Amino acid sequence: MSTATPAAASPRIPPADAPGSDPAPTAWTRKHLLGLEDLSREEMTAVLDTAESFSEISKRSRKKVPALQGRIVFNLFFENSTRTRTSFSLAAKRLSADTQDFTASVSSLSKGETFIDTAKNIEAMGCDVMVVRHPTPGAPHLLSQHVSSSIINAGDGAHEHPTQGLLDLMTIRRAKGKIEGLTVALLGDIAHSRVARSNIWGLLKFGAKVILCGPPTLVPRSMERLGCEVAYRLEDVLPRCDVINVLRIQFERQQGGMFPSVGEYSQFYMMTQERVRKAKPDLLILAPGPINRGVELTPEVADGKHSAILDQVTNGLAVRMAVLYLVSGKMPAGE
Amino acid sequence: MSTATPAAASPRIPPADAPGSDPAPTAWTRKHLLGLEDLSREEMTAVLDTAESFSEISKRSRKKVPALQGRIVFNLFFENSTRTRTSFSLAAKRLSADTQDFTASVSSLSKGETFIDTAKNIEAMGCDVMVVRHPTPGAPHLLSQHVSSSIINAGDGAHEHPTQGLLDLMTIRRAKGKIEGLTVALLGDIAHSRVARSNIWGLLKFGAKVILCGPPTLVPRSMERLGCEVAYRLEDVLPRCDVINVLRIQFERQQGGMFPSVGEYSQFYMMTQERVRKAKPDLLILAPGPINRGVELTPEVADGKHSAILDQVTNGLAVRMAVLYLVSGKMPAGE
Amino acid sequence: MSTATPAAASPRIPPADAPGSDPAPTAWTRKHLLGLEDLSREEMTAVLDTAESFSEISKRSRKKVPALQGRIVFNLFFENSTRTRTSFSLAAKRLSADTQDFTASVSSLSKGETFIDTAKNIEAMGCDVMVVRHPTPGAPHLLSQHVSSSIINAGDGAHEHPTQGLLDLMTIRRAKGKIEGLTVALLGDIAHSRVARSNIWGLLKFGAKVILCGPPTLVPRSMERLGCEVAYRLEDVLPRCDVINVLRIQFERQQGGMFPSVGEYSQFYMMTQERVRKAKPDLLILAPGPINRGVELTPEVADGKHSAILDQVTNGLAVRMAVLYLVSGKMPAGE
């Protein structure tokens, strides 16, 4: 099966003038979304195609379909994240689900049992889908073994952030018409980035070439074993890139001496107009928000014609609607 | 009237296959739920029967009935409580009410008038039901004299927590088929527990025998006057109990020197497998969450076959739906 | 066109027994509500008339109309404000819109671009209306130039708070049948008050006489240039007033030495029963909450027959429904 382009996918998408109609059935059979490492290209394509059909809804003034009416989606966040939490909440509301935030501090959760107790309590209140963010890698996987609700991983430590990976894939597919055969560079702090990890799994499975670029302290050479190219000089790889995904520098990590200074980082890796001019004319620039203007990219680049930063936000909502919809089809309490 | 069992109650419950239908009329005539001390056995039975009929809804994938559509339920919490607040919010949403949280710090409320001003402001916004938690005993009662909204007490200091009492009664009635004639021990910090007080009123009115058991500093002998038995040694009463309700040790109270140490407390009062073996074979163990594993009960007991801890959470939602539904029938703005 | 009284306005209001019907079309053509300084008397009348028709809904037990179903209203608050935020949320829910709170700390927004980035992200999630509170005067105006969502100013520094001004106008019009020709005193801290500023613009345009009264440090003489009378002794102006709007003393401002002490302030400017007796027998007393009893006005006056404090809260909801409704008619994504 070739990489599905929006055009190729359209026979499976209901016409835009069929308001409220559900997407056509797909190959999706999973109850949880834990990471892109687990998914096949066909499964990811199912999410992207479903997201395309849902993205129509966001353009209407009545941004709602009854697909998940009466279902309950919990945001169970053990790390702060206004943006991702808001995106999931809106996605759930557009599917007519009820949403409930359950924000917990990790301090009260030193024992593993208590984390599961919290989730079991939420399940006992009738939760259908738990959207889980946790600082510990694997926490959503652990939960999925102890509760019968569907689990969506909204970020587990430095491990995976699968809906971010999927929204990046969707943004690339929409802009380029395909993913296979493209050269995509992930730029910056690869080592600590769950966004990088989910991108790597997704891009490789779709047949893209993946370059990891950044300071040696933040780009472990060992990641070549995944099938990626590792580069330390942006100038060396820039002319070959179709897409650059500019990862966020997390200032709290700077304390660890991972790089000399923000100024030095920006000198070597910030996307500037000058660097953009050395790249392909149709270079696509992605960046998971919130961006640090003047650190990872200049304001001119962030707001320029190559940037798809706001498209990513819009596509993120469609991807999250698709994931909520697809995992709900496998819920134990399903009709 | 004999204790209503779920079976005996069923003629008053609409069939489960009548989706969205409202429960049949009951003997309930109150506008507020302030405490179980005020309620008759018949009134509590009305809540439990209504909760039984609503508990069907929580098993459906579409967990919603239109009963309170367009009504507004405020959570007015002057103490932190994620669980109780979440349970009330979900209960209101399942009845299709709109919910609004209004969390206030007590610090800004040193004057009594200001507490009532806050509530009057909320009422002026069109509030139908206020779910109130406050550290001062009697605060919900005071409010009920100053606003025309329905008031539900969600915990007032060490006084009452009536929906917790009702969900405990529901869990016992479901498991045992009756409440009358059972021997129920409340274990732990009785003196400071609103859960204990609401349980005592409810259980005595249903004709259960109530034993209060814990260290002498936490179980005042004077509570015998309510009609309870007071015991200081768990082993003495354990073989007679049909139900043990394991109250939470509130560590912040430990500062007051109420007991020597958590370790010593657990040695004498923690529910262990060994102690369970000395009890009746059908012992029912309740515990209002969140539990401290290894303090009030061992993980084996918490997760064991005698434990109804998660049933309590599920029943809590049904009880809160019932209470919201019943007090709404008496609202001044009713149809 | 003469000042619209509720009676005069009624032909434009659908009958109360037409549940859920939308208000008739008005002269309103704006996409944003940034301040009352910008609005004509006709535009303000359009809001007040629409609010009158919506105020019917708040008296029903089913407090909901489908007008904004599927629209998304964001509360984007960079200052704490439980009351205003709650009022906007309920107003949106009564119009069947989905609401989302996005509370941000100003500390993370030292750069102007980031404030706009935050708003652009929210817009990319499909936001239709942003209700914005920000400590910087003009922040909502700046936003309105960078996003295509409708912007409603919910308070920008000491500049404007237009929905508070409109709800004060509505409360006066309801109580007095008109605004034109009335004498209205604003009492207290005029210099730092966005409520004062919005009241001044609104009242002057409706043809009321406006007196600004308070200590010289808080009532700049220069405000006479707006067309107001400035007075420093309450007793001098009290007998002429039809309406007194008692502004809140913001204790955090007291640090700046703006007046000697709260006690001295109250001695000269607190509304007491004794002062009320020196005023017209039909004096109307307004106060934007939360009030400090015993500082700006005595409890007897706050709860007395002249006070319209709780009417203001109720009217605030109707005004906010009207504003959300009217700006939505001009939204780019409109039907």
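# Briefing: chain interfaces and annotated sites

Across the interface of chain A and chain C, the rule finds 3 salt bridges, a salt bridge being a side-chain nitrogen of Lys or Arg within 4 Å of a carboxyl oxygen of Asp or Glu. The model is predicted, so local features need pLDDT of at least 70 and side-chain atom pairs count only at pLDDT 80 or more, while totals for chains, interfaces and linings use all residues. Residues are numbered from 1 along each chain as its sequence is written, chains are lettered from A and ligands numbered from 1 in the order in which they are written, and side-chain values use heavy atoms, with hydrogens and water left out.

**Chain A overall**

- Chain A has 13 helices and 9 strands; these are DSSP runs numbered from the N terminus, with helices (H or I) of at least four residues and strands (E) of at least two.
- Chain A holds 335 residues, and 61% of them count as buried (buried is under 20% relative accessible area, exposed over 50%, partly exposed in between, with a 1.4 Å probe and protein chains only).
- Take the contacts in chain A between residues at least 6 apart in sequence: 74% of them join residues at least 24 apart. Contact means heavy atoms within 4.5 Å.

**Interface of chain A and chain C**

- Chain A brings 19 residues to the contact and chain C brings 22 residues.
- About 2,000 Å² is buried between chain A and chain C, and carbon and sulfur atoms give 52% of that area. Buried area is the accessible area (1.4 Å probe) that two parts lose on being put together, summed over both.
- On the chain A side, S61(A), R83(A) and R293(A) lose the most area to chain C, together 29% of what that side buries.
- One salt bridge joins the side chains of K64(A) and D98(C), at 2.7 Å from N to O.
- Chain A and chain C share 10 residue pairs in polar contact, both residues at pLDDT 80 or more. A polar contact is a pair of N or O atoms within 3.5 Å; within protein, one must be able to donate a hydrogen and the other to accept it, and residues adjacent in sequence count only if both atoms are side-chain atoms.
- Two or more residues each come from α3 (82-94) and α13 (309-328) of chain A.
- α3(A) gives the most to this side, with 8 residues.
- The chain A side divides into 6 nonpolar, 6 polar and 7 charged residues. Ala, Val, Leu, Ile, Met, Phe, Trp, Tyr, Cys and Pro count as nonpolar, Asp, Glu, Lys and Arg as charged, and the others, Gly among them, as polar.

**Interface of chain B and chain A**

- Here 18 residues come from chain B and 22 residues from chain A.
- Chain B and chain A bury about 2,000 Å² between them, with 52% on carbon and sulfur atoms.
- In chain B, the most area is lost to chain A by S61(B), R83(B) and R293(B), together 29% of what that side buries.
- The salt bridge count is 3.
- D117(A) and R293(B) form a salt bridge, their closest N and O atoms 2.5 Å apart.
- α3 (82-94) and α13 of chain B each supply at least two residues of the side that touches chain A.
- α3(B) gives the most, with 8 residues.

**Annotated binding-site residues**

- The unreviewed UniProt entry lists R83(A), T84(A), R133(A), H161(A), Q164(A), G289(A) and P290(A) as "binding site". Its positions are given in the numbering used here, feature names are shortened, and annotations may be inferred rather than shown by experiment.
- The "binding site" annotation from UniProt (unreviewed entry) also covers K111(A), R194(A) and R248(A).
- R133(A) sits in strand β3 (residues 129-134) and counts as buried because its relative accessibility is 6%.
- Beyond four places in sequence, R133(A) contacts residues including T84(A), H161(A) and R194(A).
- R194(A) is in helix α7 (residues 194-205) and is buried at 14% relative accessibility.
- The side chain of R194(A) makes a polar contact with that of E79(A), at 3.1 Å.
- R248(A) lies in the loop between β8 (243-246) and α9 (251-254) and is partly exposed at 27%.
- A polar atom of the R248(A) side chain lies 2.3 Å from the backbone oxygen of P290(A).
- G289(A), one of the residues touched by R248(A), is partly exposed at 41%.
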